[in-house]
Amino acid sequence: MRYCSKAAQEKRRGFIDPRTKLALVVIIALFVLGGIGGEQMEPVKTGLSALPFLLLLVERQWRRFLHGLLVLVLGYGLLLAMPYLPGVLNYIALMCGGILTRFVVTIVMGEYLIGTTSVSEFICAMEKLYMPSTITIPMSVMFRLFPTVAAEWRSIRRAMGMRGIRFGGTKAGQVVEYQMVPMMTSCVRIGEELSASALTRGLGAPVKRTNICRIGFRIQDHVLLLLCAAVIGVWILELCGVTLWWS
Amino acid sequence: MSFVYGSDNAATKHENSLRNVSLAVRDGEFVFLTGPSGCGKTTILRLINGLIPQFYPGTLSGEILINGKSVSDQELYDTAGLVGTVFQNPRSQFYNVDTTGELAFSCENRGLSEADIYKRIDETVADFHIKSLMDRNIFHLSDGEKQKIACASVSVAGSEIILLDEPSANLDYEATMALREMVIRWKQQGKTIVAAEHRIAYLWDLIDRAVILRDGQIVWELSGAEKDGLSISELLEMGLRSTVQEPPTDVLLPDFAYGDEPIVLQDFRFSYRGEKREIVSIDRLKLAAGEITAVTGANGAGKTSFLNCLCGLEKRCKGIMEYKEKIYGRKERQKICFMVMQDTGNQLFTESVLEEVLISSPKSAEDAEKKATELLRQLDLDAFLDRHPQSLSGGQKQRLAIACAIASGREMLLLDEPTSGLDYAHMMETAQLLKRVQAMGITLLVVTHDSELIHACCGRKIVLKRG
């Protein structure tokens with residue numbers, strides 16, 4: 001059968017729009033990670049924390065889901081065990097548990113954004129938000145750069161292992177330096193080759209860019225965006241001193 | 001249509017600069033640029049696609065014209081519509097993470113209509129038979145597959161002029177032949193093609209004109225009939241690689257000969273995390289100690305993974321090695337094997353060539369510095385003792401890595417594609433070097449697609465198949 005890119009793009013379309021994903025990242029970062037809001041916000045935050053996990057399940061990102069869940073369980077486990085631990089361990093458990101439970105949700109949401117959005121979709125969404133290309137283009141390169149840098153990093157770590165340079169053996173400061181030198185040279189080289197390639201393919205032309213990806217708000221986006229608005233609404237009401245429920 | 005280089009003087013780097021080059025390419029012609037490393041092939045391509053002087057600065061005199069318009073005065077995005085380039089490194093020429101987005105990228109940048117882009121993609125996919133590569137993550141493709149996507153994206157853009165900058169450097173025999181098919185397709189479509197390559201065999205019969213450069217100047221220009229009349233000795237004299245495309249699996253060499261001292265590998269198995277298929281699966285394999293063994297096999301046959309396992313870099317590979325009645329597990333193998341990686345730059349860490357060798361030498365030795373200097377002299381690196389390793393050329397980095405291996409007293413040296421992207425003279429230099437290392441009593445394993453290298457120095461050969 002002949003390949004049909006239009007149908008394939010339609011099939012690939014994500015569950016929610018990249019703009020909705022961005023809005024969720026911001027809201028979760030503010031309320032769950034940043035910890036804005038008082039007592040009244042607690043049940044809202046718990047609800048928000050579950051959201052990225054639900055989304056990962058909908059998009060069938062099993063591995064990310066499990067990883068996130070595992071760390072979260074570990075965090076809550078530590079918090080639950082904390083009162084029974086003696087002295088210093090108590091503080092360590094509190095600290096680790098607190099950090100894990102706060103950070104993990106936001107990181108999982110960020111992972112969801114990066115993992116389920118293609119570069120094309122991201123650029124398209126940013127254009128619809130009227131972001132200037134001077135911001136959009138460097139940000140879109142990020143999608144590409146993370147896996148590249150990770151691959152280089154692994155390769156360098158391997159090379160060091162093979163040459164018998166390890167932490168613990170020689171001076172630790174020197175080992176870090178050994179890692180950074182080839183890392184920086186290869187990142188600069190790759191960055192340069194990447195830009196050269198993108199430029200010969202007309203990136204930055206002063207025309208309106210087309211995007212073949214399918215994005216746009218659907219019912220699920222409206223629901224989630226309303227939810228974001230509601231969270232902000234509850235927070236403002238709380239700031240105004242309105243009591244909505246007792247916790 | 002013509003490109004005219006009138007007395008060019010693009011000095012990006014001294015070694016790659018061009019002097020007084022004039023070249024006119026006709027519409028629909030296939031021009032092939034070749035010559036030793038640093039002769040200026042890539043510089044010519046960069047002048048045509050406008051990267052020089054727009055991206056790589058330098059002093060340029062003379063002009064480059066496409067259809068009568070000067071490329072150097074034109075914005076890069078205007079040139080982009082006319083000229084498409086396939087680069088050498090498959091890892092660093094993609095902007096997108098998914099293949100479909102990559103194919104659409106240049107058309108999207110030009111603001112073509114969605115329907116038009118879909119139509120172009122579908123046509124190209126059918127043309128190049130790459131349906132199986134669509135909607136995939138580019139990071140999960142092999143180098144050969146990545147290069148196919150790079151070619152396809154030039155096709156989707158519909159550029160009339162196609163530049164190939166050593167596209168086959170990282171490709172195996174099959175992938176190179178697939179690349180050849182793509183070039184044949186472009187020729188049928190009447191595209192103008194300018195290719196810069198060391199490996200000439202896979203394109204030699206397709207080209208209309210061969211241009212041979214040396215030190216930034218055109219030394220020979222051969223038309224179709226003239227190049228076919230060349231004898232092998234004449235080709236060698238020009239410093240060219242063989243024009244016969246021979247699959248490395250066809251080179252006849254024993255895997256193990258009577259009288260060789262055996263190194264026995266047992267139960268080497270490895271699969272990528274989360275994948276069931278074993279990429280390395282060896283029950284029992286005998287290697288000849290003290291010989292140079294070529295390791296061949298298609299892209300994705302697990303050659304590099306095999307080397308990683310042998311070096312003890314893969315924790316999940318439980319294989320053992322038996323040599324001189326001693327059993328070597330993973331940790332022990334780490335101490336006797338040394339691998340020269342494809343990206344040699346990633347395994348050099350220090351600030352000077354001498355220091356690099358010293359961190360590999362046993363610490364107790366008193367005269368370590370003297371010995372290291374002596375070793376570097378043997379490998380013709382004594383002129384660079386204080387140079388930063390990252391500033392060396394590719395071949396010099398390779399020699400330095402080998403010096404580190406010898407200094408650390410390892411008995412096995414593994415090399416991953418040591419001659420990809422090398423011209424004939426440099427390839428022969430590497431072959432000689434490997435023979436010298438062999439003479440020091442070291443066992444060598446060389447992963448390679450390069451039949452000429454195998455002929456030049458290898459004594460044994462093993463073929464790896466998928467799984």
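In this predicted model, the C-alpha centres of domain 1 and domain 2 of chain A are 30 Å apart. Domain 1 of chain A is made up of two segments, 14–118 and 214–247, whereas domain 2 covers 133–212.

Helix 6 of chain A spans residues 119–128. Because 8 of its 10 residues are buried, this helix is largely enclosed by the rest of the structure. The buried positions are A:Val119, A:Ser120, A:Glu121, A:Phe122, A:Ile123, A:Cys124, A:Ala125 and A:Met126. Within chain A, these buried residues pack against helix 2 (18–33) and helix 7 (133–162); from chain B, helix 4 (99–110) also packs against them. After helix 6 of chain A comes A:Tyr130, which has a positive phi, near 60°.

The largest nonpolar core contains 153 residues. Its members B:Leu413, B:Leu414 and B:Val446 are those that touch the most other members. Helix 14 of chain B (residues 394–407) supplies the largest share of this core, with 8 residues. For B:Leu413, contacts beyond the neighbours within four places in sequence were examined. On this basis B:Leu413 is in contact with B:Phe338, B:Ile402 and B:Ala405, as well as with B:Val437, B:Ile442 and B:Leu444.

Note on methods
Residues are numbered from 1 along each chain as its sequence is written. Chains are lettered from A and ligands numbered from 1 in the order in which they are written. This is a predicted model: local features need pLDDT of at least 70, side-chain atom pairs count only at pLDDT 80 or more; totals for chains, interfaces and linings use all residues. A nonpolar core is a set of buried Ala, Val, Leu, Ile, Met, Phe, Trp, Tyr and Cys residues joined through C-beta atoms within 7 Å. A residue is buried if 20 or more other C-beta atoms lie within 10 Å of its own, exposed if 12 or fewer, and partly exposed in between; C-beta atoms are placed from the backbone. Helices (H or I, at least four residues) and strands (E, at least two) are DSSP runs, numbered from the N terminus. Two residues are in contact if their C-beta atoms, placed from the backbone, lie within 7 Å. Domain bounds come from an automatic or database domain assignment.
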